[in-house]
Structures are given as C-alpha cells and as structure tokens.
Amino acid sequence: MQTPAPFEYERATSVEEAIAALRRVGPEARIIAGGHSLLPMMKLRLATPEHLIDINDLTELAYIREDDGEIRIGALTRHVDLERSELLARRFPLFADAEAVIADPVVRNRGTIGGSLCQADAAEDLSAVCSAVKAQVVIRGAEGERVVAMEDFHVGPYTTAVGAGEMLTEVRVPVRPGAGSAHEKVERRAGDWAIAAASAALWMDDGAIADAGVALGAVGMTTIHLARAEELLRGRAPSEELFAQAAAIASEDCSPRADGRGPVDYKRHLAGVLTHRALRRAAARTKGSG
Amino acid sequence: MNVSLTVNGEPVSADVEPRRLLVHFLRDDLGLTGTHWGCDTSNCGACVVLMDGRPVKSCTILTAMCEGHEIRTVESLEVEGRLDPVQQGFYERHALQCGFCTPGMLMTARALLDENPDPTEHEIRTAISGAICRCTGYKNIVSAVRWAAEHEAAVEQEA
C-alpha cells in the first residue's frame, strides 16, 4: 500500500491566505490543487512535504476569459474545462488538441493547468502548448504580482520560476490576428506520457508568417523552446518545404534520452515529424482566423 | 482532523489522518468495499467514484479534500433490489469476467450517461480510457454501456 508520509493539512479560503501560509510554514509547505502529480509523488515518497495548503476552494482561480486582448486562464482551471472551452477552441485550438491526450478523462476532471505547469515535467503537454503560444504566467507573492514569460518559467527539470512564498495564479496568452495553432503527440497507449510531442502556433500577416512559436515535449530535460525554428519561419510564406526545414531543426535541437519509449534516433525523428504535422495543421487553421 | 462529507446521500463525519486517501476511507473506515483499490497510481480506474457527479480516482484524492463534497460509490447504484441500467447492461452483455475493474467501470459509465445519454461507441471508449480491464477486451463493456443507454431511453419514453 502506498501512503504519503504524515503532513499537516489546511484549506485556504483566499489567495492571500494561501500565500501567508506558504510564508508562515516555509519550504516544507506545498500547494495542492488537483493533486494528480503531487499525490503520486508523495505516495512514492519522492516528495515529503510536511504541510499541504489545499487551494481547491479558491474558485476565483478557475476561469477562462478574454480581457484586454489576452486570454486569461486561472491556475485552478481543470483540464476538462480547458478541453471543452469554446473560447480556447476558437482562439487557440491546440489546447483542445493537447487536452484530448493528457492522461485520461477521469484524471482530467481533477488536474489543473497551474499544477501541470508547476510540476514542470518535461513530458507534460501544456508546458509545450503555453510555450508555443508565447504565454506569460502570473506569479503572486506577499509583495504583489510579477509576470514571467513562459521561456523563463521553467528553470530546470521539475523546477520553475515560482519562488518561496509565491504561487502561480494565472496564465495569459496574447490574442493576435491571423493565429493558427496545433498540438501533436504520439503515446504508446491511451493515458501514457508522450514519446514525443510538438506544439506549434503561427500568426499570419498578408500571406507571410508574422510570428511563430514552436515547442517540444518529452524529448529533453525540460520543455524545449525551438527558437531557431521560430527564427526560420518568421517573415516567410508557409510551405511544405519551409515546414520540413523547421522539422529538421526540431530533430537537431531536441535532446531525447533512450528509454522504454524508444531509442534516441527514433525520438529525434518523431520530434521532426510531429513538428511538421503541427505546423501544417496550424497553418491550415490560420485560414479564416481573424 | 475532522472531515464532513456526503457519501451515497448520507452525511458522514469522521476523524481521519490528513494523509488518509479516499479509497481507504471508503473501504476501511466506512466498510464500502465495493470500490476497488487497484494500481494505487491513478492508472487503472478500479477506484473510480463520483465526486459531485464527476468520476474521479479515489486513490489520488485525500479524504480531507472531500470536506463538504458529495461522494457516490458503486453501492449506491442498486436501489431497493433494482439494478441500475448500467449494472443490468453489464449482466445482459456479459461485460465482466473477474469483476475487479467493474465498480470503476460502472461508475465511469454512470457518469458518462448522466452527461451524455446517447454516447457513440467512440465516446464510450474515450470515457473508459482511464479504466483498465484485463479480461474482456472492452468490447462487451462498450456493448453494455450502449445497452444501458438504449434501455434508459426506452424507460424515459414510457414515462
């Protein structure tokens, strides 16, 4: 039987209270929301926090809305609500692409976007999604909020820019014209982690790619932001040849490790194929987008 | 710590350790052993119960997190000797062999039909993709859920 080590438990009734508790307890405190990353780690004793602060009552952190030219997603928004959001389906359909293949529907009823990003597992899909759409995350502490770009959010494996006494409260995605996006993933079976995953977003202007975002999951120590591929795509007209070049960069710039999900060569090849497919679908989706 | 929640319509108040997982609280503290404890890693789906109507894996939820919430287990399906249509469907279509996955499958199916009374085969397969059956190959489970959907639609029409 797997049982977590003993801990103290409290339920926060406001973000301020949760932050105050983090500061009061110190490094042994952890925020728990869906719990589908943290509890398995606690059961395996890979994590042994002495104090859990449950934020499931903070429904003010569960929302998806468009405000001031940005999509704003509260940290407590659950996977199921991201999957079903009409606003996200219209603005950034790669969220629904990814959500359909994150764990399974029962797990998606509990897990949250904040928890997924803060877990910072390199194989986690939403980190690649948020990286591709150039999201920013809002981190709140006792002194107020700071806004961090997705590319600066993941400091290392399982490590984020969220500091002591701070919590992630919101994800912001700027809405720009001519957008199209897609997420591609190959997994061994339903609910498994990705062998490789690729997220792509394109913003078109007058027939050319005004901006591009490409990121990979599961083929490195962290989510891989493909800056070189983005540079290549910017200012060019979309074409199969261009996307093949971007895919070649993806294969080169990833750093997969051989494991039960496949050898390095296969994963590099797959990263390229998925990048190509994601770009192709993202481009198709820019048509008709405002 | 004290936790108050509703289990199968009945208010329950108990003193539990914060680390008490919901599956063990249901089975060992309340004696509701219908909920099965399987992989312990939120993969197999044997421990699925409904929390406020939505299926969740009770091996990955703390009892403390259920304070003020409604939990529904497989024991609530049969009412006064009448099987729930999903139970009857599993019987009619021979959707179990060893029966270990069945409580989780039944609750997952119940939640699906509550939300979508006429699911396609694809929707059923997606809904139960978080539940593992090592006996049936799923075909009869999908057939059973369809049986339940059709049966419920027929009953509704008569009413």
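Q: Among contacts in chain A with a separation of 6 or more, what share comes from residues 24 or more positions apart?
A: This is a predicted model. In chain A, residues 24 or more positions apart make up 64% of those contacts.

Q: What radius of gyration would a compact globule of 290 residues have, and what does chain A have?
A: The globule value is near 19 Å; chain A has 19 Å, so the two agree. The C-alpha trace of chain A spans about 55 × 45 × 30 Å along its principal axes. Of its 290 residues, 53% count as buried.

Q: How many helices and strands does chain A have?
A: Chain A holds twelve helices and 14 strands.

Q: How do I read a sheet, and what is the strand order in the one with E11 of chain A?
A: Strands of a sheet pair through backbone hydrogen bonds, parallel or antiparallel. Here four strands form an open sheet in chain A, ordered E11-E12-E13-E14, with antiparallel pairing. Strands E11 (179-187) and E14 (224-225) of chain A each have a single partner strand, so one side of each lacks a neighbour in the sheet.

Q: How many bridges join E11(A) to E12 of chain A?
A: Nine bridges join E11(A) to E12 (residues 194-205) of chain A. Glu184(A) stands opposite Ala198(A), and His183(A) has Ser199(A) as its bridge partner. In a regular strand the side chains alternate between the two faces of the sheet.

Q: Which residue takes a positive phi in the hairpin of E11(A) and E12(A)?
A: Gly191(A) does, near 85 degrees; six residues lie between the strands.

Q: How do E12(A) and E13(A) pair, parallel or antiparallel?
A: They pair antiparallel, over nine bridges. Ala197(A) faces Gly217(A) of E13(A) across the pairing, standing opposite. Their hairpin has two residues between the strands, and Asp206(A) takes a positive phi near 55 degrees there.

Q: Why is E12(A) described as largely enclosed?
A: Eleven of the twelve residues of E12(A) are buried, so the rest of the structure largely encloses this strand.

Q: Which helix lies across E11, E12, E13 and E14 of chain A?
A: Helix H8 (residues 125-132) of chain A does, running at about 160 degrees to E13(A).

Q: How many residues of chain A are in contact with chain B?
A: 22 residues of chain A are in contact with 23 of chain B. On the chain A side, the elements giving two or more residues are strand E1 (8-11), helix H2 (38-43) and helix H6 (105-108). That side divides into ten nonpolar, seven polar and five charged residues.

Notes. Residues numbered from 1 in each chain as written. Chains lettered and ligands numbered in written order. Predicted model: local features only at pLDDT ≥ 70, side-chain atom pairs only at ≥ 80, totals over all residues. Pairing = 2+ DSSP bridges. Contact = placed C-beta atoms within 7 Å. Axes fitted to C-alpha atoms, helices over the stretch in contact; angles between N-to-C directions. Rg over C-alpha atoms; globule rule 2.2 N^0.38 Å. Buried ≥ 20, exposed ≤ 12 C-beta atoms within 10 Å, placed from the backbone. Nonpolar A, V, L, I, M, F, W, Y, C, P; charged D, E, K, R; others polar.
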